Amino acid sequence: MARTDQFAKVLIDAPGLAPLDYRVPEEMLVAVGDLVLVTLGARRAVGLVVLLSSASDIEEKRLKRIQSVLKFSTPVSSEWLSLTRFAATYYLRAWGESALPAIPAALRRTPTPRQEKRIEGIRAVMPAADPDAAPAAPAPALNAEQEAAAAAVLGAEGFRAWLLFGVTGSGKTEVYLRLIEETLARDPEAQALLLVPEINLTPQLVGRVRARFPREAVAALNSEFTDRERAASWLSAHEGQARILVGTRMAIFASFRRLRLILVDEEHDLSYKAGDGLRYSARDLAVWRASKLACPVVLGSATPSLESWAKAKSGGYGLLRLSRRAVEKAELPEVELTPPPEKGASGQITEYSRRAIEACLESGRQALVFLNRRGYSPVLSCPACDWVSTCARCSAFTVYHKREKALICHHCGWRRPVPEACPGCGNVDILPRGTGTERIEEELEVLFPGKRVLRIDRDTASAKNAAEEAFRKVHRGEVDILVGTQMVAKGHDFQKIGLVLVLNPDAQILSPSTRARERLFATLMQVAGRAGRAGTRGRVLIQTRFPEDTLFTALAEQDYVKFAEDTLDERRESGCVPYVHQALLTAEADMLSTALAFLEDAAKSAMALGRDDVLVYDPVPMPLVRLMNRERGQLLVESVNRMSLHRFLVDWERNLRGLGHAGGLSWVIEVDPLET
Ligand code: ADP
Ligand code: ZN
Ligand code: ZN
């Protein structure tokens, strides 16, 4: 039989590199979607075949041959290839940069003579399905709203995106489980993907899914996995053994045999957006992927992102509501706004708040004190001169960590011991200014002698499993007062918390960032949701100077819709996201002037493209101008039309690559940035 496919286009993971042509040796069997070993200049590289053809634009004798095919599994599908290609195009990267990193490194390794054994070893890491497993704990009968939500999703044909808007504890997870159950039951090969935020809760949720589906292989994928574990889960989904994959944002790039349902839990969560490399949004890609697969995608949240809420309002997404907590008598908490301490007060907890905590403890329940700032105090300062503790590498204060006796930069990790005297004037009375969780812990220990205070934040929970152990202590009732940051806000189903006290949310209220308020609202709704989970009504106390602010009035009424509508009105009037689409060019160099000079040239290049419907802002220094000794500037571009913006970006990016610039300068364009 004559062979027609003598040439292959092969992707390699390198910035800006287009697919390269290689010759397929006579005797070699290669398919699109195979991993192959090739040479690139002097080095060997693993590449991914994306096209086979009978002709090449490059002269045949100049082409190198594919060395061998990596027998890692069956080839990846065309569906997966289009996903990675779309992601690369949309986020302005080379295709190889999205595709290759999406395959676990253990599968991309240069093949050894014992390749098959090695892959078998990886497969064995994944627990096999047990068709004879004992029947699971029965699912609770869904309530009317849950039924209606599930029925709507299951009743729609083909692609449809849904926003499942349900207060914390309203039973969203039960809806996901029902959707998975039905999807798997309808089609013996169907698979489901459940995306979850990057927090310590994945193991708990995976456990819940496995308990519900004991006969299915449930794979998990998250960034804390070893490469072998990742590879095992990836293969299992790719080959179709795992019918359910639960994973963090990277799981959107998993390969499936027959994916028929995508669920995105806590869709507003920031961890769905990648912070470096290919800066993708897993949530947005989930919607795109479902549309290509012609299957449903459900985005769930108690506080949806305003992007998603706007889409649900305009009919782009179907809106499903769960308006009550699922467990009877678990009412929503009562929220109360109270003034912070007077200026000059010795502590952060007012007498009013102290009494509230006391009353809560007396009733035999636990209290949670929330402050979104770790460390003892955000800065040390000298009252005798102007000295403040700053990072040597960043334009930022260093945070005082009392127990560690260190000043630490929270942006870059730079640390030094606390000086004995002011480095500026020698004064020995340098003082902590402001308050972090460590200082609150100390204050609580003084206010409530004999009570068990536990702090949970990234400092106390840095060791693996330390957070889990701390949470177990809370669950077992071995803690009276819990103090913590964001970490305690998310997802944990605490049963005994009677009071939540929120300290100093005002700093974020005053922030100029567009999304700061949206985030604060979501965080506080979530924190408030920790109170009164089972049986008794919880109380939430917020110490703020702005009780009239809509953010707090909406919060007091636990009214997301009010907050969302108000905020969207403002955003529409001022032409902000989601009513415009944005991209952010950032440049960094040893000196700010170098970065800004490049951005000036970039702005000129943008103007020269002459697109009326794209707005180009002035280059400005970034809010945190110096990070790790690099000085940074940014340039924002936006358009009301996503397609116009994209077409502009493609041309602009090409021109930027041609722009000359000083050595040591680097730049990147982020599409749909969260920080502008
Ligand atoms: P969410 O994901 O919205 O926070 P969950 O699905 O975790 O909510 O449900 C919260 C609690 O209510 C869980 O303990 C769950 O088992 C329970 N629950 C959910 N739906 C029902 C139901 N229909 N009947 C009884 N209990 C339910
Ligand atoms: Zn001094
Ligand atoms: Zn720093």
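**Ground rules.** I'm working with a predicted model, where local features need pLDDT of at least 70, side-chain atom pairs count only at pLDDT 80 or more, and totals for chains, interfaces and linings use all residues. Residues are numbered from 1 along each chain as its sequence is written, chains are lettered from A and ligands numbered from 1 in the order in which they are written, and side-chain values use heavy atoms, with hydrogens and water left out.

**Zinc, ligand 2.** I checked what holds this ion and found Cys382 (SG), Cys385 (SG), Cys422 (SG) and Cys425 (SG) as its protein donors, 2.2 to 2.4 Å away. Donors are N, O and S atoms within 2.8 Å of the metal (3.2 Å for Na, K and Ca); water is not among the atoms, so sites may look incomplete. The angles among the 4 donor atoms are 102 to 114 degrees, and the site is tetrahedral (four donors, all angles between 85 and 135 degrees). The spacing I noted is C-x2-C-x36-C-x2-C. Cys422 is buried, at 4% relative accessibility.

**Zinc, ligand 3.** Here I found Cys391 (SG), Cys394 (SG), Cys409 (SG) and Cys412 (SG), at 2.2 to 2.4 Å. This arrangement is tetrahedral because the 4 donor atoms subtend angles of 105 to 116 degrees. I wrote the spacing down as C-x2-C-x14-C-x2-C. Helices (H or I, at least four residues) and strands (E, at least two) are DSSP runs, numbered from the N terminus. I have Cys394 as buried at 2% and Cys412 as buried at 17%.

I spotted a cis peptide bond between Val577 and Pro578, with omega about 0 degrees. Pro578 is in the loop between helix 18 (560–573) and strand 24 (581–589). Ala294 isn't a glycine, yet its phi is positive, about 55 degrees. I found Ala294 in the loop between helix 9 (282–293) and strand 11 (296–301), partly exposed at 34%. Asn504, not a glycine either, has a positive phi of about 45 degrees. Its loop runs between strand 22 (497–502) and helix 15 (506–509), and Asn504 is partly exposed at 35%.

Technical notes:
Four donors count as tetrahedral if all angles lie between 85 and 135 degrees; four count as square planar and six as octahedral if opposite donors are over 155 degrees apart and all others between 65 and 115; anything else is irregular. Buried means under 20% relative accessible area, exposed over 50%, partly exposed in between (1.4 Å probe, protein chains only).
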